[in-house]
Every structure is written in C-alpha cells, then in structure tokens.
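Dear colleague,

Please find the structure below, followed by a short account of what was found in it.

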Amino acid sequence: PTPLLQVNDLVKHFPVRGRGPAQMLRAVDGVSFTVNAGETVGVVGESGCGKSTVARLVVGLTKPTSGSVLVEGGDIWARGKEGAERRRRMQMVFQNPTGSMNPRRTVGDAVAEPLQVLRAPGIRAKVEETLSLVGLKPEMADRMPHEMSGGQQQRAAIARAMISNPALVVHDESVASLDISLQAQILNLLVDLQDRLGTAYLFISHDLAAVQAISHRVVVMYLGEVVESATAVEFAARPLHPYSVALRRAALLPDPEIEQSRVEVGLTGDVPSPLNPPSGCRFRTRCPYAEQKCADEKPALRPAQDGHYVACHFAGIATATTALEGAS
Ligand code: SF4
Ligand code: MG
C-alpha cells in the first residue's frame, strides 16, 4: 500500500546575506522517509540538525527548495483545492503551547480553529468531546489560555490538532517544555489517542529516550541529512551509525557521566555550521572513527539489513555493545 506520508529527497536552503557574497544555509539537504497510516516515526537529532525545518516542510508551513511531500500519494503543493486539502490532512503541535494560542481567545475557540467555523451548530459539542478525549474537562472551553497549567495547555494544543481528525500529526518538541512526569503523561495520551483513532505521528525531538518510547521507527538526522533509520526495536538493539551510538550512550548514562561519555564517543565540540558543512561525511569532525575516506567520499544511506538504513563507510564500527559496556 502507498505510505500515508512520503518525503522524497527534500531540500530546504535559506539564503543568508552578510557582508560577503551571499551564502546558502543548508538546513535540510536531501531527506527521504515515509510514515504509514497509524504509525509513529520519530526524528531525533541535536538542535540545528534541520528537524524543525522538516516539520514545517511536512505540514506545508514552508515550501521546499526541491523535493516533494506526498500525502496519500498526492503532492501537498498540487494546485488549488487538491493541495490545500492534503495539507489539511496534517496538523502540528509545537513545543510552546501558549505561543500557538491567541491569548485573547478562549481555549474552546483555539481548539475549534482547524474546523474553520467557530459558531455553527455542533461545534461546541465537538470541542467538548475533543477536550474530554485529551483528558480535559469540557468546561475548559470557556477558560483563557493563561488560566491553564502548562500540561493543560499542551493537552489543549493536542485537542486542537486532533479535532479535524487528521491523518497525521507532527509533534515538534511537543513534550520538551514539560517536566518529566508530565512528559510521561502526554506520551501515554498520544499512544492512547493513536490506538483509538489510528492517527499517525511524526514525533520530532532532541530527546532520544522520548523518541524511543513512542516510535515504531526512528530516523536520526545530523546537519540536514538522515544518517540512520530503523525500526525502534532494531535501533535499540543495533544502532549502526557512530552518531546514533553516541546519542544512545548519552541518553543511557546518568547525568554526571554524560560529559565524559561525550568525550569518549566523540560528541565533543559544536555541530559544524550548516553554512559550511564538512566535505564527505558531515559527522567526520566529531567522529572518533573518521579516516581519510570519510573526508573524500560522502557515505550514501544504504540498507544494512531489512528496513535498516545507515550512512557510514564503517557502519557498525561503534556498536551498541561497546556503548553498553562503556556505560556500566
Ligand atoms: Fe565516522 Fe566515517 Fe562513518 Fe562518518 S563515515 S560516521 S566519519 S566512520
Ligand atoms: Mg527545533
């Protein structure tokens, strides 16, 4: 069957004008992946890897420089009604729920917004039903956003995303601003809603633990590119890219040891600028296994085994086992 979402060789470059010649910020540089109906695909990477740009490209908040986003087999930028209807099949939940709600309008009006009619028969009932679905009391519809807690606001943002019965909801760091127990509650809510309604999620986060907890498949991004993708089970057992191993290791270790682990696995220093990414493998400036070949030749994203893809000349050189041994 056709995947619900197909992202094909997506590129987004932003021109940056400084004093010198115009430069291109290569935020997203040839990203492909699919999401099936009812599935959760997690996209993980450090800040600046292009994952928020991917989120905006997927829901159609921004147009790609090249490449395409297909929903149910059709381009979201098809002319006229066709493209607009496909874009409406997707909704987004942002990190900061208050930022996406008008402070002078009631929560109920904010939640009803994707329906594009605020005062019609049945709208109020639909809003109340959707609020209940996300664990909020129906009376919350009359509150103002600032009268809710952070967790309640994020539930309302989820209600707004779900009210139009979208096929896919993109979560861009949607639990990042919540404390750890609220994060767990929201992740449980998302799983519960998916079980009941069959909504697919693209779950974008810097937090590998959250991504692994909720995703069926995991996509790892580094400097605008996908470096690895696999089922969550396979990824947990055998991450093959040195960057993935480093991320996993940092996520596994208790806080005080994280800095040390970063030194050992090479996550030292800053992510290089997407204005001027390294030649060959973009991870090579931070990779402890880098060799001359890594500077000379860009590693393609290749299948390592069924459904597991990795872009590294020496895939598997840093193994989950060494990461786990190092952690104990
Ligand atoms: Fe490291 Fe080379 Fe693999 Fe890149 S291609 S991750 S530099 S070993
Ligand atoms: Mg971001």
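With which residues is leucine 168 in contact, leaving aside its neighbours within four places in sequence? They are Leu4, Leu5, Val35, Arg89, Met90, Ala200 and Leu202, where contact means that two C-beta atoms, placed from the backbone, lie within 7 Å.

This is a predicted model, in which local features need pLDDT of at least 70 and side-chain atom pairs count only at pLDDT 80 or more, while totals for chains, interfaces and linings use all residues. Residues are numbered from 1 along each chain as its sequence is written, and chains are lettered from A and ligands numbered from 1 in the order in which they are written.

Leu168 is also among the residues with the most contacts inside the largest nonpolar core, which has 83 residues. Such a core is a set of buried Ala, Val, Leu, Ile, Met, Phe, Trp, Tyr and Cys residues joined through C-beta atoms within 7 Å. Helix α5 (residues 150-162) gives the most to this core, with 6 residues; helices here are DSSP runs of H or I, at least four residues, numbered from the N terminus.

Of the 13 residues of α5, 11 are buried, so this helix is largely enclosed by the rest of the structure. A residue is buried if 20 or more other C-beta atoms lie within 10 Å of its own, exposed if 12 or fewer, and partly exposed in between. The cover over the buried residues of α5 includes β7 (168-172) and α6 (180-197). Leucine 197, in helix α6, counts as exposed because it has 12 C-beta neighbours inside 10 Å.

Yours sincerely

Technical notes: Helix = DSSP H or I, 4+ residues; strand = E, 2+ residues; numbered from the N terminus.
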